[in-house]
Amino acid sequence: MKFIIMWGRSVLRVSLVLWGIICAPLCFGVAAEPVSGAAQYTADLTYRSDRGEDFPIGSASLLRETESGAYRVRLDFALGRAGMFSAILRPEEKALFVVSYGLSAYVTIPTQGNERNAADLLPSVAAAFMPFGVPALTIREEKREALPTAPVDGLPCKRERILYMVTFMGDASDVALEEWNCSHLPFLPVRVDELRSWDAPDSPRGTVLLKNIRSSGLDMGKELFEVPDGYTRYGSALNMLLYALAAQW
């Protein structure tokens, strides 16, 4: 049980950092968009350790209908031994899909309120981790604060620090994140830090960076934002994560 709690907390920290990327205001504008049709963007996801080492962990994709403004977002990322996952946000359906490719399985998370606001989505995400109604996870935003601007790759960024209280299987801890948003690259946050503590904004435990942001030359199509055919639907994200981990041993 202790191993499950420790591994689960590690996964939750990484997931919250990725969640900070997918839940930020989505206003793509890297290149001129077509007057009609669809705008497509991709970027690389990179994890930077507290030693400054960079590791590729996945990619981000967005498809936006330029006339209606409707959009879909997909993050592809690895969660260590649990394998590769995708988080697919489809706002028009008020749903977030989490897909495990190792298990050929997925979880559907209904979204409430404003899907671009992490505070509105957290109750739904926490509920998806509760197998058979058991409250295994709660996530609550405690506070947020604006920080002085600072550069990323020479570009000025607005920074915001957010503190979450995460309780997982009865074990409570604080998770502090710092988001970096740049008006020159209005794609997604160019950087999200997991801080060692709320009072240490310049000492990240780890960082997820959005790099090589570009307009996609590929015709992604909406199928990229669909759950693959034949995948099994799980009722709990926690169960899916634990089964994905066990399958690798």
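**Hairpin, strands 5 and 6**

I started with the hairpin that strand 5 and strand 6 form, with four residues between them. In its turn I found Ser 104 with a positive phi of about 55°. I took helices (H or I, at least four residues) and strands (E, at least two) as DSSP runs, numbered from the N terminus. This is a predicted model, and I used local features only at pLDDT of at least 70 and side-chain atom pairs only at pLDDT 80 or more, while totals for chains, interfaces and linings use all residues. I number residues from 1 along each chain as its sequence is written, and my side-chain values use heavy atoms, with hydrogens and water left out.

Next I looked up the pairing, for which DSSP has to find at least two bridges between two strands. Strand 5 (residues 95-100) pairs with strand 6 in the antiparallel sense, over six bridges. I see Val 99 opposite Tyr 106 of strand 6.

Which strand runs parallel to strand 6? I found strand 12 (residues 232-233), joined to strand 6 by two bridges. Tyr 106 turns up here again, standing opposite Arg 233 in strand 12.

I then checked burial, where buried means under 20% relative accessible area, exposed over 50% and partly exposed in between (1.4 Å probe, protein chains only). In strand 6 (residues 105-110), five of the six residues are buried, so the strand is largely enclosed by the rest of the structure.

**Salt bridges**

My rule was a side-chain nitrogen of Lys or Arg within 4 Å of a carboxyl oxygen of Asp or Glu. The count comes to 17 salt bridges.

I looked at Arg 159 and Asp 202, whose closest N and O atoms are 3.7 Å apart. This pair links distant parts of the chain, 43 residues apart: Arg 159 is in strand 8 (residues 155-168), and Asp 202 is in the loop between strand 10 (191-195) and strand 11 (204-215). Are the two partners buried or exposed? Arg 159 is buried, because its relative accessible area is 11%; Asp 202 is exposed, at 63%.

I noted Asp 193 and Arg 191 too, whose side chains meet in a salt bridge at 2.9 Å, N to O. Asp 193 has 0% relative accessibility, so I put it down as buried. Arg 191, with 17%, is therefore buried as well.

Arg 140 bridges to Glu 142, with the closest N and O atoms 2.6 Å apart. Arg 140 counts as partly exposed at 48% relative accessibility, and Glu 142 is partly exposed at 39%.

I also found a network of salt bridges that links Arg 72, Arg 90, Glu 92, Glu 93 and Glu 226.

**Ser 49**

I found Ser 49 in strand 1 (residues 38-49). At 15% relative accessibility, Ser 49 counts as buried. What does it touch, leaving aside neighbours within four places in sequence? With contact taken as heavy atoms within 4.5 Å, I got Phe 55 and Arg 205.

**Confidence**

Last, I checked pLDDT, the predictor's confidence in each residue, from 0 to 100. The chain averages 75, and 68% of the residues score at least 70. Confidence is highest in strand 12, at 94, and lowest in helix 1 (residues 2-22), at a mean of 49.

I marked residues 1-9, where pLDDT stays under 50 and the model has 17 contacts beyond four places in sequence. Where pLDDT is low, the predicted coordinates should not be read in detail.
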